[in-house]
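Hi,

Here's the structure I promised to send over.

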Amino acid sequence: MTDLVFPALAPTTLPIAGSAARFPVARVFCIGRNYRWLPDEARPAEMPAWFMKPASAVFPAAGALPYPADTADYCHEIELVVAIGLGGKDIAADDVEARHIWGYAAGLDMTRRDLQQQAKRAGGPWEPAKAFDHSAPCTAIVPADACGHPREGALWLSVNGEDRQRGDVSGLLWSVPELVAMLSRSVTLAPGDLVFTGTPAGVGPLGPGDVVNAGVAGIGDLTMTVGAPRAA
């Protein structure tokens, strides 16, 4: 075995519903705008943009939701999350569900919105806005053998008991098989990759002490409390 100059980081894992086993997280791909935020919004002609978060941003969605440093506009985005079990390059959309999806979860794509707006204005990268610590809380992974492949089902998020986001998986502008196939044309997908599939309208800011309830019907739900802001 090759000697390491210091110990390798422990792998990031998520619980699996109904099992003592754990799901090892490889990479996190996040899809941009993929729901209609306006009633008359047309499906775009091109596939949505995507960005990445590190695996270390993923953690079980329960308990405290740490408020990150360097932001005054910390925002929530509830999403259906796809867990890849078999990777590949140039995957056909027709093969995605039958061969490549291991399971599903509900997740939050947490965003430092003020940093995202700065990046948009400057034409800069989104990593400071999206790829920070604790930016990807996820529920337990539900095996596709147990839940099937959801084509409909409510997504919701409330803050302190008030609805913020409410949509349906059937409202995805680009379907899960289309998204996975698109990603595989750009990068070789690997077992353990997670795909956050986009969020419905209603994203908004969170403050310390806010209680977030969110979920995807038939997949998972979560309750988290926003912590105090971290010092820069």
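How many of the 11 residues of helix H5 (residues 176-186) are buried? Eight are, so to speak, tucked away, and the helix is mostly covered. (Buried means under 20% relative accessible area with a 1.4 Å probe, protein chains only; helices are DSSP runs of H or I with at least four residues, strands are E runs of at least two, both numbered from the N terminus.)

Before going further: this is a predicted model, where local features need pLDDT of at least 70 and side-chain atom pairs pLDDT 80 or more, while totals for chains, interfaces and linings use all residues. Residues count from 1 along each chain as its sequence is written, and side-chain values use heavy atoms, without hydrogens or water.

Back to H5. Its buried residues include Val176, Leu179 and Met182, and the buried set packs against strands S3 (28-31), S4 (50-53), S8 (78-84), S9 (101-108) and S15, plus helix H1 (93-100).

Next, Thr199, in the loop between S15 (194-196) and S16 (204-206). Thr199 counts as buried because its relative accessibility is 5%. Beyond its neighbours within four places in sequence, Thr199 is in contact (heavy atoms within 4.5 Å) with Tyr35, Trp37, Glu77, Ile78, Glu79 and Gln165. Its C-alpha atom is 8.1 Å from that of Leu80, 119 residues apart along the chain.

Finally, S10, S7 and S16 form an open antiparallel sheet in the order S10-S7-S16; strands pair if DSSP finds at least two bridges between them. Cys75 stands opposite Thr111 in S10.

Cheers

Definitions and conventions
Buried < 20%, exposed > 50% of the residue type's maximum accessible area, 1.4 Å probe, protein only.
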